[in-house]
Amino acid sequence: MKETNSFKSKLNMDMLTDQFLVSMIKEQTTPIVQDIEKALAAIDNASSILISGHIRPDGDSVGSTNGLLNTLRAAGKIADIVKIWDLPSQAEFLNPEAGIEWQEIVPEKYDLLIVVDTSSPDRFLNEKHKLLEKFKSNSKPVLVIDHHGTNSKFGSINLVSHAPSTTYLITLMLMNSHLPLTKEAFKFLFFGFVTDTGGFAFSLDNPESIFLMLKLANHYDLDPWFIYRKAVREKPYTVMKFVSEATISTKLITPPELPIRTAICSVPPEMLERYNLKNEAVAALPSHINLIQEADIAVVMSAEEQDIIVSFRSKETDVQKLAVELGGGGHLRASGTTIKNSTLQEAEEKIKKAIRKLYS
Ligand SMILES: [Mn+2]
């Protein structure tokens with residue numbers, strides 16, 4: 001690989017002793033090195049930074065926000081996170097709220113807004129806080145760091161690239177920086193990688209990423225098995241029961257009713273109430289329903305106030321285009337959308353119509 005001038009000395013990666021790991025980090029960084037430099041320049045220039053993940057945060061969103069928070073605070077900067085939702089239960093063991101005092105967000109206090117793992121402005125609390133408008137009208141930079149293929153690049157600086165997780169992009173960025181990538185910060189970044197890849201599985205098309213993250217876990221003296229187990233191999237008893245009931249109620253629709261074999265799981269609010277679970281418990285469902293061998297597409301729907309939250313998963317089929325057709329976005333085999341002002345029944349009809357249109 002050609003060495004570029006962009007790699008300065010004494011970066012985080014230069015302190016690693018494993019030269020094979022260092023060369024792999026450089027190789028993984030090369031296609032995005034210019035965006036990384038712009039992102040790091042924006043961070044360097046800011047002394048107070050506001051960080052936001054996406055609504056209904058998953059492990060990658062929590063890992064990205066908290067990994068950055070930790071690093072930026074260790075670098076002596078003022079850094080805060082926009083609190084947007086209850087945290088996913090599998091993140092509890094990391095104690096992500098430690099050291100965080102939640103307060104009313106005053107956008108004017110910050111020099112830089114970093115939005116992570118968020119494909120479009122309607123996926124974070126922008127409407128409520130008018131963050132994009134306030135930063136842009138004051139000519140303050142907005143840095144978007146994300147790995148969703150459908151990202152609309154709504155920042156003034158965008159580190160947006162195909163990657164196994166947003167925390168992976170952040171890891172590459174920090175390895176190319178002088179910012180203190182602490183053990184605590186890397187723990188969150190590793191956790192985001194594990195959760196978003198379903199325990200490394202979805203990153204098998206980029207085996208270097210698995211090697212790199214495992215080697216770094218080793219470097220930071222973390223126990224990868226412990227984090228992996230906590231992240232993807234354990235679920236609360238009530239969630240297990242809820243997942244079982246939701247699975248039993250799942251319909252498998254096959255041709256000719258739909259052009260492609262589709263498993264549809266619909267979660268009425270009553271079901272969550274019965275198990276005393278919050279909406280975040282639904283996040284456990286899509287990958288589970290996608291296990292159904294006879295289904296090409298898995299659809300999970302749940303109600304949230306007047307809207308229906310929809311997740312799509314597939315084994316091979318492109319469900320990104322299905323989400324986009326319905327106003328959402330995501331990845332090729334994992335995507336989602338929100339169908340506004342709708343009942344579960346109406347949303348299901350809309351989804352079936354889109355499936356007939358796209359896969360016939
Ligand atoms: Mn993600």
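Visitor: Leaving aside neighbours within four places in sequence, which residues is Thr238 in contact with?

Guide: Two residues are in contact if their C-beta atoms, placed from the backbone, lie within 7 Å, and by that rule Thr238 touches Tyr275, Asn276 and Leu277. Please keep in mind that this is a predicted model, in which local features need pLDDT of at least 70 and side-chain atom pairs count only at pLDDT 80 or more, while totals for chains, interfaces and linings use all residues. Residues are numbered from 1 along each chain as its sequence is written.

Visitor: Where does Thr238 lie, and in which helix?

Guide: Helices (H or I, at least four residues) and strands (E, at least two) are DSSP runs, numbered from the N terminus; Thr238 belongs to helix α10, residues 237-248.

Visitor: Why is Thr238 called partly exposed?

Guide: A residue is buried if 20 or more other C-beta atoms lie within 10 Å of its own, exposed if 12 or fewer, and partly exposed in between. Thr238 is partly exposed because 14 other C-beta atoms lie within 10 Å.

Visitor: What is the order of the strands in the open sheet?

Guide: Two strands pair if DSSP finds at least two bridges between them, and here 5 strands follow the order β2-β1-β3-β4-β5 with parallel pairing. Strands β2 (78-81) and β5 (157-160) each have a single partner strand, so one side of each is left without a neighbour in the sheet.

Visitor: How many bridges join β4 and β5?

Guide: Strand β4 (residues 142-146) pairs with β5 in the parallel sense over 4 bridges, and Leu143 stands opposite Ile157 in β5.
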